Amino acid sequence: MSKIPLTLKGAEKLRAELHRLKTVDRPGIITAIAEARSHGDLSENAEFDAAKERQGFIEGRIKEVESKLANAYIIDPKSLNADGRCVFGATIKLEDHDSGENVTYQIVGEDEADIREGKISVSAPIARALIGKYASDVVEVDVPGGRRVFEILDVDYE
């Protein structure tokens, strides 16, 4: 498996999820399974079936998160010598030339991307167009809705 780029915050979030899965969710489901078994006949016990299904989901998610962390390439944009360029982990303030609207995006790994939080995947068309550019550069991006033009107003590494 290839290395997965993650920001420091993304890695911390995955570690916190793994900790919760192992210390809260896993013991909780073990208790639920034990309680469901105590109700007798397992062949028609919906609580037992649901608990076992949940256990499978939790164990699968634990393996998935452990794998992602084991293959993570954690990048701290503050430690990069980016000289004002747009790089992985940077937060970039843009102005849409057509609408005049300002938007702010952080370029993150695919697992961290969440457009509602302003986090876009490094593999997204707009992120690929921004990488390597500087503040005041104008970038044209082909997006599903057509071609958009942005001016980079600011690049921040926090």
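**Close-up views of a predicted model**

**View 1. Glycine 109 is a buried residue.** Its relative accessible area is 0%. The model shown here is predicted. Glycine 109 sits in a loop. That loop links β4 (102-108) with β5 (119-121). Leaving aside residues up to four places away in sequence, glycine 109 touches Pro5, Phe88 and Ser121. Serine 121 is 12 residues away in sequence. In space, glycine 109 and serine 121 are 5.3 Å apart, C-alpha to C-alpha.

**View 2. Arginine 61 belongs to helix α2.** This helix covers residues 46-70. Is arginine 61 buried or exposed? Arginine 61 counts as buried because its relative accessibility is 18%, and the cut-off for buried is under 20%. Residues up to four places away in sequence are again set aside for the contacts. Arginine 61 then touches Leu14, Glu17, Leu21 and Lys68.

**View 3. Strands β3 and β7 pair in the antiparallel sense.** Strand β3 holds residues 91-96. Strand β7 holds residues 146-156. The pairing runs over 6 bridges. Look for aspartate 96: it stands opposite phenylalanine 150 in β7. In a regular strand, side chains alternate between the two faces of the sheet.

**View 4. Strands β6 and β7 form a hairpin.** How many residues lie between β6 and β7? There are 2 residues between them. Strand β6 takes in residues 138-143. It runs antiparallel to β7, and 6 bridges join the two strands. Glutamate 140 stands opposite valine 149 in β7.

**View 5. The protein chain has 3 helices and 7 strands.** What is the order of the elements from the N terminus on? They run β-α-α-β-β-β-β-α-β-β. Take the contacts between residues at least 6 apart in sequence. Of these, 53% join residues at least 24 apart.

**View 6. The C-alpha trace spans about 70 × 35 × 25 Å along its principal axes.** The radius of gyration of the chain is 22 Å. A compact globule of 158 residues would have one near 15 Å. Of the 158 residues, 36% count as buried.

**View 7. The protein chain exposes about 9500 Å².** Carbon and sulfur atoms supply 50% of this area. The chain carries 22 positive and 30 negative charges. How far apart are the mean positions of the positive and negative charges? They are 5 Å apart.

Definitions and conventions:
Residues numbered from 1 in each chain as written. Predicted model: local features only at pLDDT ≥ 70, side-chain atom pairs only at ≥ 80, totals over all residues. Heavy atoms only, no water. Helix = DSSP H or I, 4+ residues; strand = E, 2+ residues; numbered from the N terminus. Buried < 20%, exposed > 50% of the residue type's maximum accessible area, 1.4 Å probe, protein only. Contact = heavy atoms within 4.5 Å. Rg over C-alpha atoms; globule rule 2.2 N^0.38 Å. Areas by Shrake-Rupley, 256 points an atom, 1.4 Å probe, with all protein chains shown as cover. Lys, Arg positive; Asp, Glu negative; His and termini not counted. Charge placed at Lys NZ, Arg CZ, Asp CG, Glu CD. Pairing = 2+ DSSP bridges.
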